[in-house]
Amino acid sequence: MHDDRKYIVRIFIVLIAATFLVKLFFIQILDENYKAAAENNIIHKVVEYPYRGLIYDRNNQLVVHNEPIFDLMVIPKEVFIPDTLAFCKLFRITREDFDATMNKAKRYSYIQPSQFAKQISSEWFASISDQMTGVKGFYPEARTIRGYSFDNLSNVLGYIGEINQRQLRADTTNYYRQGDYLGITGIESSYENELRGKRGVEYKMVNVRGVDQGSFKDGELDTLSIPGDDLLLSIDLDLQRYAEKLMEGKTGSVVAIEPSTGEILAFVSAPTYKPSLLSGREFSSNYGKLTQDSLKPLFNRPLMAMYPPGSIFKVVQGLIALEEGVVTANEQIYCDNSLIGDHAPPGYYDMRKGIMYSSNNYFLKVFRRIINQHPELSQFEQAPIGLKNWKEQMHKFGLGTPLGVDLPNEKAGQVPGPQLYNRIYGTGRWKVSNLSSLSIGQGETLLNPIQMANLAAIMANRGHYYRPHVVKSVGSTKYLDPYYSEKIETGIKPEHFQVVIEGMQRALSGTAGRAIIKDIEICGKTGTVQNPHGEDHSTFMAFAPMEQPKIAISVYVENAGWGGRAAASISSLMIESYIKGEITRQWLEDFVLKGDFLY
């Protein structure tokens, strides 16, 4: 029994030894991975980054392209540098920077590549290649950065940047890696998935002397990169560049829309910056300067600035009043200007004349009728009911709620409801007299310039709109998300729009004489917005021509005084440029470029 047990143990030991021998034979003789290592080869995983999609304007002018750069990768185990100080000078770094970067690379891995220097231009790389003779353990990895054909459209395009840890953790697709670039703002962000393409990978064998030994497993594991989709913008670049020229030295915004599609033709946030400043090795330095600029060029005003809309708001008040039946188009209402300050003269006003002369007193009386529609109740009981209904009507115009623009960071604005005044005055302690400023687009009402432009598009369409968007189509299939072709109705009868539009057409002879263009019938509305911190803001909303409109526009110029001067002039020049293709009133352009709107 004892001898049997002894033999069993011996057999067991022999079997284990045989198993190890077989495994060693497989690893050393048959496994190519071991073979590569045994022959002092190292397998490099070389990432092939795809070309990011190109961006064109609506007329197929190339706006954004790709420029080649290189990242210098390092494998610490293989590093040999004949002259470290000369190497540092070559890459314009100090010895301390070199040591810090190498220590970081070693902490990451001794045998895996990591980034030593990034975004080396192709010209710079070519100039130093010959001086890298004898240096081992470094190799270039081709990348691209964004290049720009024009110095315009920065707040639409946005910029790309290196992914951070927060974004990596939020990446549920597990696509991104440390060191990758992605869209941070603008359409680079909102169309990131379409623009980025798909990475490829190539596995290469390189010996200890840095000599390429060919593809690993004959390229069996390699994958090709797939370029990103190109974007065709709805932006008319010539109109965009003209708008930016007109807004030089000013603070505000210009948004122009094609009413029949919702396509954004021009989108200006002023002051702006050159998009090339946020591309390449100087990104961090330039970004710091832009963020410290007191004029906030990175602030996307058309989407994020919230302003009182001023008198352009009166067209919505008029439409709601007509739809609610609290006033008729031709009803004469006497205004003695005793209720609120007014530039319109005292007298009788109907809807058309009220819009033409922008009568504050007329629209205050109209607003009171909208709010107080239940005479059987006290004014304190009527006000919350009327204001709630008024707010719901405003939302149907896309006011005080996000429109769904295909750009990030769109703000909702604010159309106040009963909850706000309950907090201010207390529940049951306020009435329509506390809301007077709302009637003329002041007080607690705040809109974004994109909402004001969309309101102009609604007027042009006589009651409906399409969500504003800056991308006309994606890729070779010319795809457009159906979300942006959905027709959204306001619920106001067309005959009411006709009344208000006639008032807007007459307004050019009333408050917006500078906007008149020979042979183009413009319908517009001025606004002079009270500003407790300085000069009033100038705003104008318009569309043209009156029949079969081609363009709807809003202009907002901060601290520029009357709406009939700065904003109306800029709008008129934009409309003429777009429809006629030329400017016939040089005196008006000179007036705008000079910028002395208060004198």
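The side chains of E263 and K472 meet in a salt bridge, with N and O 3.1 Å apart; the term means a side-chain nitrogen of Lys or Arg within 4 Å of a carboxyl oxygen of Asp or Glu. E263 lies in strand β12 and K472 in strand β16 (residues 471-474), so the pair ties together parts that are 209 residues apart in sequence. Strands here are DSSP runs of E, at least two residues long, and helices are runs of H or I of at least four, both numbered from the N terminus.

E263 also forms a salt bridge with R58, again at 3.1 Å from N to O. R58 sits in the loop between β2 (55-56) and β3 (62-74), 205 residues away from E263. Both E263 and R58 are buried, whereas K472 is partly exposed at 26% relative accessibility. Buried means under 20% relative accessible area, exposed over 50%, and partly exposed in between (1.4 Å probe, protein chains only).

## How to read the model

This is a predicted model, in which local features need pLDDT of at least 70 and side-chain atom pairs count only at pLDDT 80 or more, while totals for chains, interfaces and linings use all residues. Residues are numbered from 1 along each chain as its sequence is written, and side-chain values use heavy atoms, leaving out hydrogens and water.

## The wider picture

By the salt-bridge rule, the count comes to 20. R52, R146, E188 and E192 are linked in a network of such bridges.

The chain has 21 helices and 20 strands, and buried residues make up 52% of its 599 residues. Along its principal axes, the C-alpha trace spans about 120 × 70 × 45 Å.
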